[in-house]
Amino acid sequence: MDWAELHRACLDCARCGLCRTRRNVVFGTGARDAEVLFVGEGPGEQEDLKGEPFVGPAGHLLDDMLELIDLDRNKVYIANMVKCRPPRNRDPLREEQDACSVWLRQQIALLRPKLIVCLGRVAAMRFIREDFRISREHGQWTIRDGVLTMALYHPAALLRDPRLRPDTFVDLKALQQAVRDYCTHTL
Ligand code: URA
């Protein structure tokens, strides 16, 4: 499938129960030749309304985080573990993540990113390790399926607890260095 076919098929998805309550499928946004992929948890209310990832309060903070390290939102790719909003913003269930993973997997196959950045614990548990501990392992690079991968605290966690921000600043600097080292058309 190419991007257009994948996008079209995803908009019709009924692979799990979240399709019954969603207003929009949040496919993902950014450059289709992006070298850096950010993966969040799942759409919130604003994202569900607009059909775009990270456009609510957490998204505004993500924009600030990207700006801090000179990353342009249009030059990276932003997606979520699940493409439809879980009711009342609960964590996506294991079976919802499993059902949805076909889409993200195909997006990754098309993108072939150099770096994957998990936003928060839910994405890190999926991409890095089932027992990933965000408080201990944020900012550490690891290779998963041949791709350098790390996790940052989720921007919503940084909004709830600003004491986590200094650590995230250090992690963002490590990300910036990795972009310098491994990416050719991102900065
Ligand atoms: N939180 C997420 O994990 N993803 C979004 O798109 C918005 C908020």
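**Around the ligand**

Visitor: Which residues surround the ligand?
Guide: The ligand is surrounded by G40, E41, G42, E47, P53, F54, N80 and H154. Keep in mind that this is a predicted model.

Visitor: How does that shell divide into nonpolar, polar and charged?
Guide: Two residues of the shell are nonpolar, four are polar and two are charged.

Visitor: What does the backbone of E41 do there?
Guide: A polar backbone atom of E41 is 2.8 Å from an oxygen atom of the ligand. G42 has a backbone N or O atom 3.0 Å from a nitrogen atom of the ligand.

Visitor: And what about the side chain of H154?
Guide: An N or O atom in the H154 side chain is 2.8 Å from an oxygen atom of the ligand. Taken alone, the ligand exposes 230 Å², and the protein buries 91% of that.

Visitor: Which space does the ligand take?
Guide: The ligand takes the space of the largest pocket. That pocket has a volume of about 640 Å³. It is lined by 30 residues, and the closest to its centre are E41, A58, H154, A156 and R160.

Visitor: Which helix gives the most to that lining?
Guide: Helix 7 does, with four residues. Helix 2 (45-50), helix 3 (57-68), helix 5 (121-127) and helix 7 (155-160) each supply at least two.

Visitor: What's the lining of the largest pocket like by class?
Guide: It has 13 nonpolar, 10 polar and seven charged residues.

Visitor: New topic. How big is the second largest pocket?
Guide: Its volume is about 340 Å³. The lining includes M81, S101, R126 and T149.

Visitor: Which helix gives the most there?
Guide: Helix 4, with four residues. Helix 4, helix 5 and strand 6 (147-152) each supply at least two. By class, the lining of this second pocket has six nonpolar, two polar and four charged residues.

Visitor: How many cavities of 30 Å³ or more are there?
Guide: The structure holds one. The largest cavity has a volume of about 100 Å³. Of its 14 lining residues, C13, C16, K83, C84 and C100 are the closest to its centre.

Visitor: Where does the largest share of that cavity's lining come from?
Guide: From helix 4 (residues 94-111), which gives three residues.

Visitor: And what classes line the cavity?
Guide: The lining of the largest cavity has 11 nonpolar residues, no polar ones and three charged ones.

Definitions and conventions: Residues are numbered from 1 along each chain as its sequence is written. This is a predicted model: local features need pLDDT of at least 70, side-chain atom pairs count only at pLDDT 80 or more; totals for chains, interfaces and linings use all residues. Side-chain values use heavy atoms; hydrogens and water are left out. On a 1 Å grid over the protein atoms alone, a cavity is a set of points where a 1.4 Å probe fits but cannot get out, and a pocket is an open set with protein on both sides within 12 Å along at least five of seven lines; lining residues have an atom within 4 Å of a point. Grid points are joined across faces, edges and corners, and a volume is the space filled by probe spheres set on the points. Ala, Val, Leu, Ile, Met, Phe, Trp, Tyr, Cys and Pro count as nonpolar, Asp, Glu, Lys and Arg as charged, and the others, Gly among them, as polar. A residue is near a molecule or strand if one of its heavy atoms lies within 4 Å of it. A polar contact is a pair of N or O atoms within 3.5 Å; within protein, one must be able to donate a hydrogen and the other to accept it, and residues adjacent in sequence count only if both atoms are side-chain atoms. Accessible areas come from the Shrake-Rupley method with a 1.4 Å probe; for residues, only the protein chains shown count as cover. A molecule sits in a cavity or pocket if more than half of its atoms lie within 2 Å of its grid points.
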